[in-house]
Amino acid sequence: MADIDMIPRSYREGVRTRRTLTIYGAALALLLVAGGGASAFLRWRLALETPRLEQGRATSTQASAMRTQLTSAQARKDVLVENVAALGALRGAGEVAALASVLDGAINDKVWFEQLRFSRTQELLQAAPPAPPPPGTVQARAAQTGAVQAWRLGSHIEIAGGALDNRAMTLFLSTLAADPAFTDVRFLNSSTATIEDGGAVSFKAAATLVKREEKQ
């Protein structure tokens, strides 16, 4: 006996369609729930990280401002150090002591001084010197504008002295000329006393004191 399907085909299609829609609906609901959970998680993380990001940004801005201030302070310090050195050079700090030390090493018991004249010259330069500045030149910078002002300095001595004889005088002048602390050592004149007066030699000489860079 043959089986007869009494259920209409349209009914079966409707059931299949509803079942498919139910499965798709459940999947969509799961996706919506998962999406909602992910969205809530992201909002929570964003709320948690935003203050940290703002704090990090503020800290970075503050560090950048501090670096700028430190750079500016270091630049001002460098200018002040240079200007202090320039002021010392303009005032001739230590020159007299250095000159005394050099002359003390050159003089001996056959030579004496009757007069020692020390003079300093300062020439204000109209244009900034080349870098590095030549020996004998000092410069200072304005702290605000950085404008450079430079001077050419000179330190000179003139000696009027005496020696037992010409050999002692010549040896003394040779010693001065060989000393790196002096340049342009010049013999000016001399006169010799008579034998009756002892035969001593009176002489005059001049020299320029070499400018040396100050060690920082």
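Colleague: How much accessible surface does the chain have, and which share of it belongs to carbon and sulfur atoms?
Modeller: The accessible surface is about 15900 Å², and carbon and sulfur atoms hold 59% of it. Such areas come from the Shrake-Rupley method with a 1.4 Å probe, and for residues only the protein chains shown count as cover. Please keep in mind that this is a predicted model, where local features need pLDDT of at least 70, side-chain atom pairs count only at pLDDT 80 or more, and totals for chains, interfaces and linings use all residues. Residues are numbered from 1 along each chain as its sequence is written, and side-chain values use heavy atoms, with hydrogens and water left out.

Colleague: How do I read the pairing of strand 1 and strand 3?
Modeller: Two strands pair if DSSP finds at least two bridges between them. Strand 1 (residues 111–124) and strand 3 (residues 148–163) are antiparallel, with 13 bridges; Glu 123 stands opposite Arg 152 in strand 3. Strand 3 also runs antiparallel to strand 5, with nine bridges, and Ala 163 has Val 201 in strand 5 as its bridge partner.

Colleague: Is Thr 208 buried or exposed?
Modeller: Buried means under 20% relative accessible area, exposed over 50%, and partly exposed in between (1.4 Å probe, protein chains only). Thr 208 has a relative accessible area of 15%, so this residue is buried. Buried residues make up 20% of the chain's 216 residues.

Colleague: Where does Thr 208 sit, and what does Thr 208 touch?
Modeller: Thr 208 belongs to strand 5 (residues 201–209). Contact means heavy atoms within 4.5 Å. Leaving out residues up to four places away in sequence, Thr 208 touches several residues, among them Ser 155, Phe 182 and Arg 186. Its side chain also makes a polar contact of 3.2 Å with the side chain of His 156. A polar contact is a pair of N or O atoms within 3.5 Å; within protein, one must be able to donate a hydrogen and the other to accept it, and residues adjacent in sequence count only if both atoms are side-chain atoms.

Colleague: And why does Glu 95 count as buried?
Modeller: Glu 95 counts as buried because its relative accessibility is 10%. Glu 95 lies in helix 2 (residues 95–106).

Methods:
Helices (H or I, at least four residues) and strands (E, at least two) are DSSP runs, numbered from the N terminus.
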